[in-house]
Structure formats: structure tokens, C-alpha cells
Amino acid sequence: MNKIGIPDRHRAAFLVDFKSPLEMGYTDTAIPVGNQVLIRVSGAGICHSDVHVWEGIWYKGGSPGKLPHIQSHEISGTVAAIGDSVPERIKPGDPVLVYPWQWLEDDRYTAAGLTNVPDRPVVPGINIDGGFQEYFLVSHYRYLVDARGIEDLPALAPLSCGGLTTYRAVKKLDGKLQPDDYVAVVGLGGLGSYAVQYLRLLFPQVNIIGADIREDSIEFAEGICRMDGYINPASGDTNKAITEITRGHGFRGVIDLVGKGTLSIYSRALSKEGIYVMVGLMGTGIQESISPFFTVSMEKTITGSYVGTLSEQHEVVDLARKGLINYRKPVSSRIALENASKGLQNLEDGKALGRQVVVF
Ligand SMILES: [Zn+2]
């Protein structure tokens, strides 16, 4: 124990060699100073980005910054200790979600509230050590989101990436939709099961059409939120299926959570004034094609949506607290820290239905 009553060292899972099982070990527990807050981790989610880091695909781009590395950017937990500059409203024992899209210094984007696209991002689990450990040091209390009133703290963890990214993406449709429009959610795994819920909540009158090549993913999302129809591109002519299901209108909105071979297909199915929101990064490095002629002549919008702002992070936790979204059902498995590698492997192999969370 150290002078604040917390173990000097704690358990962690280390990425030592890319694509190899994480190695269990111990690391020093930091004593928070200044604006820092030490968190006792309750849940650490596994995201597809973690697979890219684990495989070493992003290593040349600086992620992770060093090896060995501690993964996971989706972290929930309770405050264990605070630095001497942290305001009194934050107390040991408080349940929190950690906003992972952090920044090294303020700039014009963060000043405008666009904290998702800072000039100098620094993300736990990606650039610096993350949540696959019993204690996690948050560099500044501003990244903490109050999770009081949340019953299932481990299940909250994926709301900091999966549940946040989909929220911002769905909000991009605000002001663009009419009742009875058709909106597609492409990719119905963990992300899709959040996106469908936000669509139903924010635009209750639109027709939500799910699209996935896996029947079990479609069933998984349907078990969380009702859709108005779905398309399985693996079982027939996708263009024909889209025409039939949208009664020839096409989609007024598309939320693409895959981003691998999907833009070319679904951007063609956009109606006039339709908006296509690209979210998924599964096809990192691949090129897709869109039609300049139809994009212009039909006034289509193609836009990207990247994670979410700190302000949106507060909104998402509030939706969970008020019971307006089901944050528990998208979590399809809870695993022990020593099995975190299995979770990464499951995700790489396409075996994870929803979000997987390492629980402590
Ligand atoms: Zn993520």
C-alpha cells in the first residue's frame, strides 16, 4: 500500500508482441497530482480499433507509442484518488466514464467544442496506456463524465467509443429527414445496436432499415431495438432489395458503420438530398468509388463522422441514466482481464456479436 491506501502495484495485461496473446503482469500505481485523477477500473471495452493496434497495423502511425503497451480506450470505473488541483465536487468513490478522445494542448478546435478533432490528440489505449489494468490514471479531471445513477458501470464503458461514435453519426441527420423517409444502418453488430436505438429515439417516424451480411447480427440488433426491415447483401441482389424495401425511394440517410466495400454500394442508393455518414474504419487503406455525376445532380452529401465531442459524451451518459437507451444489451460478453486476448481474437475473427467488455 502507498500513502493514500492504494496498492503500490496492480495487475495489467500488456501487449508485448503484435498479434500475440497479451501478457499478464504488474505495473506501478501512480499517485495523482495536480489535475490528475486515479480511477479504479470497473469495465474496459474492446473496440475494433484495439484490433488494429494489437495487429500492429497502426504502429507506423504512432499507435501504440511504445511496447509493452496497455490497451483499451473504453473505460468506466470509480474515482480512487484525486490530485490537489481537482475540484471538491469530484470525490473518491464517484462512478465515472472516462472520455478517451483527449488532447495534449488546447487549440481552436477544442476551444470551439470540437474536442473530437484536436490538433494533438492523445488517446488512452491507442497512443498511451489504457484500461486493461486495475487502476488507470486520467491526466485531467475534465475527461470524467459523472455516472451517478448508472446501475451497471462495466456496461457503460463502451459508451465512450461505440455508443458515442454512433450518437454523433446519427445526429448528423438532424434537420435532414422527413417522416416516412428510409434510413439505413449498415453493420448491425455492437455499433449498429446503438445506432438503431438513437435513430428510433431522435427520429421516431423514419423507417429504419438494417443491413448486414450476418443473420445473427441482424437478430442481435433486432433483439435490442425494432427495425422496419433489413437487407442481407449476402443473400441476393442488394440493389434490387434496396429498391423493394424503400419502395423505389432509396435512402434519405445512411449510417455506414463498416466502411469496407459499402460506400460504393450504398452511396448509389441515396435519394435526392440524401446524406451518407461514413463511420466505420474497417477498410483502413482501401479505396472506394462514388459517382461525381449523381452526387452533384442529386445533391447528395457524403460526410465523415469521427468519435464524438466531450459535450456529446455527457449527453450519451445522460440518455443511459434516463433509460432512453439500453446500454446493457449491446454488451454481448463480459470477460476477465486474463482473457482480454481472447476478446481481441474473437473480434478479429468476426465472432463477437456485440461489444465485449473486460470486467474487474
Ligand atoms: Zn473505439
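Cys47 sits in the loop between strand S3 (37–46) and helix H1 (48–55), and His73 in the loop between H1 and strand S4 (74–82), so the pair ties together parts 26 residues apart in sequence. Helices (H or I, at least four residues) and strands (E, at least two) are DSSP runs, numbered from the N terminus.

This is a predicted model: local features need pLDDT of at least 70, side-chain atom pairs count only at pLDDT 80 or more, and totals for chains, interfaces and linings use all residues. Residues are numbered from 1 along each chain as its sequence is written, and side-chain values use heavy atoms, with hydrogens and water left out.

I checked burial (under 20% relative accessible area; exposed is over 50%, partly exposed in between; 1.4 Å probe, protein chains only). Cys47 is buried at 6%, and His73 at 1%.

**Strand S11**

I then turned to S11 (residues 207–211), where five of the five residues are buried, so the strand is largely enclosed by the rest of the structure. Asn207, Ile209 and Ala211 cover one side, Ile208 and Gly210 the other.

I listed its pairings (at least two DSSP bridges between the strands). S10 (residues 182–186) runs parallel to S11 over five bridges, with Val183 bridged to Ile208. S12 (residues 229–231) is parallel to S11 over three bridges, and Gly210 stands opposite Tyr230.
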